[in-house]
Number of protein chains: 4
Amino acid sequence: MGEQHTFMPTEKDYGYTFGGKMPLAHLRSGDVLSTYTEDCFGGAVKTVDDLPSQVCTMPYLNPVTGPFFIDDAEPGDTLAVHFLSIVPARTIGVSSTFLHFGALTSTSRTASLQPPLEERVWLYDIDVKAGVVRYRARNSDYTAELPLDPMHGTVGVAPAGFEARSSITCDSYGGNMDTPELRAGTTLYLGVNVHGAMLGLGDGHARQGQGEASGVAVEVAMHTTIAVEVIKGLPTLWPRIESDTAIMSIGCARPLEDAFRISQHDLVGWTGELTGLDDLDAYQLVAQAGTAPVGNVVDPNYTMLAALPKRLLHGVAAYGGAHERLRATPHALSIGTGAP
Amino acid sequence: MGEQHTFMPTEKDYGYTFGGKMPLAHLRSGDVLSTYTEDCFGGAVKTVDDLPSQVCTMPYLNPVTGPFFIDDAEPGDTLAVHFLSIVPARTIGVSSTFLHFGALTSTSRTASLQPPLEERVWLYDIDVKAGVVRYRARNSDYTAELPLDPMHGTVGVAPAGFEARSSITCDSYGGNMDTPELRAGTTLYLGVNVHGAMLGLGDGHARQGQGEASGVAVEVAMHTTIAVEVIKGLPTLWPRIESDTAIMSIGCARPLEDAFRISQHDLVGWTGELTGLDDLDAYQLVAQAGTAPVGNVVDPNYTMLAALPKRLLHGVAAYGGAHERLRATPHALSIGTGAP
Amino acid sequence: MGEQHTFMPTEKDYGYTFGGKMPLAHLRSGDVLSTYTEDCFGGAVKTVDDLPSQVCTMPYLNPVTGPFFIDDAEPGDTLAVHFLSIVPARTIGVSSTFLHFGALTSTSRTASLQPPLEERVWLYDIDVKAGVVRYRARNSDYTAELPLDPMHGTVGVAPAGFEARSSITCDSYGGNMDTPELRAGTTLYLGVNVHGAMLGLGDGHARQGQGEASGVAVEVAMHTTIAVEVIKGLPTLWPRIESDTAIMSIGCARPLEDAFRISQHDLVGWTGELTGLDDLDAYQLVAQAGTAPVGNVVDPNYTMLAALPKRLLHGVAAYGGAHERLRATPHALSIGTGAP
Amino acid sequence: MGEQHTFMPTEKDYGYTFGGKMPLAHLRSGDVLSTYTEDCFGGAVKTVDDLPSQVCTMPYLNPVTGPFFIDDAEPGDTLAVHFLSIVPARTIGVSSTFLHFGALTSTSRTASLQPPLEERVWLYDIDVKAGVVRYRARNSDYTAELPLDPMHGTVGVAPAGFEARSSITCDSYGGNMDTPELRAGTTLYLGVNVHGAMLGLGDGHARQGQGEASGVAVEVAMHTTIAVEVIKGLPTLWPRIESDTAIMSIGCARPLEDAFRISQHDLVGWTGELTGLDDLDAYQLVAQAGTAPVGNVVDPNYTMLAALPKRLLHGVAAYGGAHERLRATPHALSIGTGAP
């Protein structure tokens with residue numbers, strides 16, 4: 001098995017793009033990495049008075065830890081990234097409205113002459129042991145406990161075609177997918193576009209709803225442990241997730257129906273490969289048996305997932321059983337002890 | 001409590017629009033209706049050789065049983081329709097590709113110069129007792145059992161503004177919403193636009209995936225029993241569903257992000273009314289705690305739902321407890337004995 | 001040649017849908033009709049203090065004069081409607097913002113939590129002899145003369161499939177297309193869906209910009225004279241316009257790219273029929289030689305036109321020369337003498 | 001006045017992104033540059049048998065000449081690029097269908113299970129003296145002369161936020177806008193995002209239709225002469241074009257209505273600044289007097305322009321008269337002598 005690495009980033013290690021940044025460290029296929037990610041505000045929002053428009057500076061939003069150079073990863077390969085653990089590094093999560101950003105406001109693209117919504121910050125108590133996130137209304141006494149469900153909004157590799165893309169967006173190389181399905185216990189498959197893949201991750205969410213409608217989840221720094229594997233000679237066009245019970249294809253695009261089409265098209269092809277069904281038979285199966293969890297409907301590209309229960313694969317393993325292999329990786333559960 | 005009605009439609013009773021058709025029967029608030037709906041093909045697809053383009057005739061697709069005139073329902077009221085039971089009336093369900101219709105083909109609107117996909121029919125065995133629908137591939141030996149999950153794709157009232165709309169589409173009056181959430185045990189709330197509401201229903205699905213990607217679900221005639229209640233003086237702008245565990249708002253529109261926006265906007269407002277949260281506090285709660293099940297991404301208007309767990313309402317009942325009241329309606333489970 | 005008809009509607013003659021309304025009068029192929037249309041506000045906005053939300057009542061917006069039953073028009077035929085003259089019936093045109101309607105505001109579909117834009121009315125002086133419309137700013141002394149370019153925003157026939165559609169929207173049957181290309185001297189081709197076609201028209205604009213971004217043009221009642229011809233046995237799928245110099249196909253849909261696709265697809269097919277080019281050769285010609293004037297980007301369906309210079313048809317006449325024949329119709333230029 | 005520069009690129013000078021590439025040469029504000037751009041195929045398509053999928057290699061499509069470092073251009077400034085001349089460098093222009101690319105085919109994003117359209121190449125004779133481009137059908141004898149209207153599809157500066165973006169797409173920094181409005185005699189205004197602006201240009205079209213529906217224009221290498229000016233301290237959010245008669249704002253986005261919204265929003269603001277009209281008065285003026293020429297509806301981001309006649313500015317000059325100043329730049333009309 002591989003080596004155990006620990007990488008704690010300093011302020012200057014964070015990146016704001018996928019592509020265009022030199023690697024922080026090298027990993028080999030089979031290695032385990034424990035690292036830390038800052039929240040999407042770079043940790044600058046700490047109280048309800050820290051309005052993002054005042055305490056954050058563009059483009060220093062959504063810092064990504066990385067990239068990590070994965071030895072032996074070449075264009076045409078697939079990088080499997082298994083999330084062994086994702087643990088909040090703080091006991092307070094933050095959320096906010098963000099000027100002209102979100103699903104229920106006009107934006108810089110869905111432009112209108114209306115003024116933006118009020119900028120407001122919410123703080124959430126995070127209780128890792130109880131598995132709970134506590135919502136507190138700002139303008140009333142209402143409170144509610146929501147299930148803690150830690151995930152990474154942003155995971156990706158360098159894009160193809162010499163591109164460097166903002167960590168705010170997502171596309172075929174991954175990036176800011178903002179799907180609640182990217183939690184511990186799942187394996188993310190990303191096509192490798194450049195030598196070394198250049199893996200980065202960030203944007204931890206203590207939880208988010210499907211769609212991330214307000215534009216901002218329950219943001220929190222994370223202590224995260226991943227295991228990586230290079231699957232040689234097998235390309236992956238769009239990001240895919242495998243859990244213990246489902247395979248999922250991810251589409252990133254606008255309008256949202258194109259994200260849906262991409263994800264369904266990819267899942268139909270993947271299902272066909274694994275089951276031997278022809279295109280139309282696979283299309284029919286996915287149409288009746290699939291689910292379509294929404295990721296985000298707020299970022300520059302929206303995210304839709306297409307999911308199929310693995311039991312319908314009748315025992316055939318995706319990517320040669322990479323998920324099962326990686327989830328068995330021995331590792332010390334890295335519950336963090338607070339921010340570095 | 002109300003009366004028990006049974007209405008078995010004959011061929012001439014089916015409608016193909018919401019609005020513009022005279023009522024078949026009258027119901028009172030509190031009444032229970034057992035009726036029958038034909039499948040979306042009008043029952044014409046019976047074997048894999050019955051291609052829809054050959055056995056069906058436009059516009060005689062997606063027949064609706066109704067409308068039913070609901071006494072005392074006036075514009076500005078809400079009609080609550082609770083589904084007491086939805087039971088397949090045949091042991092074979094049918095699905096198909098449909099020329100230039102579906103998510104993974106160009107269509108009459110998303111027009112291209114490409115020829116349509118092959119038209120192909122699938123038959124599904126429906127085993128009501130086992131709760132199973134059996135998929136059989138057409139071009140291989142692959143088969144799979146899927147959970148039976150009967151629902152109505154199409155339920156609606158007459159639109160406002162003197163409109164009559166095809167039963168193929170959906171909008172604020174309901175119609176062909178094609179969401180798998182519309183199953184037995186749920187209550188659908190529809191705003192009343194005309195005197196008598198003019199309720200109709202059809203398009204039974206033994207099951208469908210989220211998104212209904214191929215354009216056609218596992219279609220089957222249904223024996224269905226509903227209970228209706230008129231909620232006076234309370235308007236409803238967009239269709240809403242209440243289950244035992246969640247409240248859901250439905251948006252129907254293109255592009256898909258507008259369906260999402262409508263549903264989220266409606267749920268934020270509804271949540272605010274029930275919890276006393278102001279707009280932004282409700283927006284924040286829905287964004288972190290909500291789910292967004294996709295309905296269809298194939299019909300003239302797409303469907304998105306926005307759902308919130310009812311436990312977050314801290315005991316406040318929607319629509320004065322209509323769902324709890326209606327689900328307690330005594331009724332004989334009307335398992336049909338086959339088509340009339 | 002045909003008969004000359006004059007029809008002056010009374011208040012009760014206006015309709016608010018295409019489909020679902022009984023005819024006001026009969027016309028024969030070749031006849032000429034002089035009639036009057038009210039403005040989209042039903043004439044209720046007369047001063048800058050007449051805010052539409054206060055003086056108008058839903059759904060009594062966008063009144064349509066008609067329908068007119070066209071003898072001998074059957075499903076599968078095409079109705080050619082040539083606009084001999086369109087003359088403003090008042091010397092003041094009105095425009096306004098309209099709550100949550102327009103391209104630069106959130107709307108009932110592109111829903112947001114923002115309040116609507118201010119509701120404001122503008123009055124325009126219309127000088128028919130000078131061919132000028134005068135814009136006057138509300139909050140400054142700025143004024144400007146714009147070219148008078150009278151047109152009808154709304155012209156259509158009854159839809160197929162037993163539908164009745166609000167006069168606010170457009171689709172394959174025409175309706176509220178809101179394209180500035182529908183001016184005097186052009187011929188509109190509409191596919192006939194029902195016996196008698198059921199032609200209606202309204203929504204006169206003294207002028208509008210491409211896109212009608214604010215949601216409301218320079219609205220004014222019109223005295224309009226048309227000549228109609230039934231083209232037997234030739235179906236038309238989407239509305240088409242012919243001017244002296246161009247043929248144009250109209251697509252009505254959301255998102256706007258689907259309106260574009262529909263119009264381009266239709267024009268490619270039409271061009272192929274008239275020139276003998278195969279699909280790809282026609283696609284190539286249209287792509288390099290065509291223009292794509294925007295209609296509206298505000299109504300329930302958006303409008304795009306695809307246009308090709310007629311000189312590229314090398315002398316072949318569309319629809320057997322209907323446009324040239326109709327534009328030669330002798331008629332008295334019916335400059336109105338004010339509203340009835 | 002400035003210096004005259006000539007830059008003839010060699011093969012290794014071409015770039016395939018905006019951002020992320022070192023400059024080829026330096027220019028000062030006021031300088032004139034005569035240069036050469038290759039066609040979008042890198043010159044590899046020379047006969048109808050040179051199918052792009054066989055003779056081109058991803059990502060080496062749409063080569064850009066540049067970037068040029070503009071001395072004194074800083075973030076927050078605007079770079080004005082005036083096109084003094086754009087002259088085809090070859091007598092043959094090429095076009096083609098391109099697999100799963102274009103408006104009337106499914107694509108990698110608007111994904112379908114349909115096979116791609118046939119890949120076909122067209123050659124156009126370009127006669128610069130006659131001002132004509134000759135279309136020749138591939139499957140019939142049809143030919144037609146179209147007006148020569150040379151333009152650059154692709155002009156841009158480095159994006160903000162450390163991004164490097166493929167030359168296939170466009171956004172707020174310009175890029176592959178593919179609008180026929182970018183012809184000789186116009187001035188393009190681009191906001192400067194990085195020190196030196198990093199201007200690049202390419203993708204010459206002998207002409208294109210509005211929308212570029214087939215995905216490929218009449219592609220040809222160009223000899224082009226530009227004059228540049230840095231407008232200090234005046235930021236520009238989205239690309240703008242000024243001609244002798246109109247000001248135009250460009251929006252790049254999907255769906256197409258967002259490109260429309262961006263362009264209209266920007267033009268409303270620009271018009272307000274120049275005329276003193278408040279937002280709603282400017283919105284009203286643009287809505288009635290504006291045109292909305294479509295750019296492309298095929299690239300990763302679509303392009304819409306919003307245009308207003310300059311006479312409505314009542315003599316106020318945009319950007320301090322930069323357009324008038326630059327268009328008066330003395331220069332030798334650089335008609336090329338063929339490819340280097």
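Is Y319(D) buried or exposed, and what is its relative accessible area? In this predicted model, Y319(D) is buried, with a relative accessible area of 8%, where buried denotes under 20% relative accessible area, exposed over 50% and partly exposed the range in between, for a 1.4 Å probe and protein chains only. The model being predicted, local features require pLDDT of at least 70 and side-chain atom pairs pLDDT 80 or more, while totals for chains, interfaces and linings use all residues. Side-chain values rest on heavy atoms, without hydrogens and water, residues are numbered from 1 along each chain as its sequence is written, and chains are lettered from A and ligands numbered from 1 in the order of writing.

Aromatic pairs were assigned to rings of Phe, Tyr and Trp (its six-membered ring) with centres within 6.5 Å, planes under 30 degrees apart being stacked, over 60 edge-to-face and the rest tilted; over all chains, the count is 40. In chain C, F7(C) and F68(C) form an edge-to-face pair, with 5.6 Å from centre to centre and 85 degrees between the planes. F7(C) belongs to strand β1 (residues 4–7) and F68(C) to strand β6 (residues 64–70), 61 residues apart, strands (E, at least two residues) and helices (H or I, at least four) being DSSP runs numbered from the N terminus. F7(C) is buried at 16% relative accessibility, as is F68(C) at 0%.

The pair of W270(D) and Y319(D) is edge-to-face, because the ring centres lie 5.9 Å apart and the planes stand at 65 degrees. W270(D) lies in helix α2 (residues 256–275) of chain D and is buried, at 2%.
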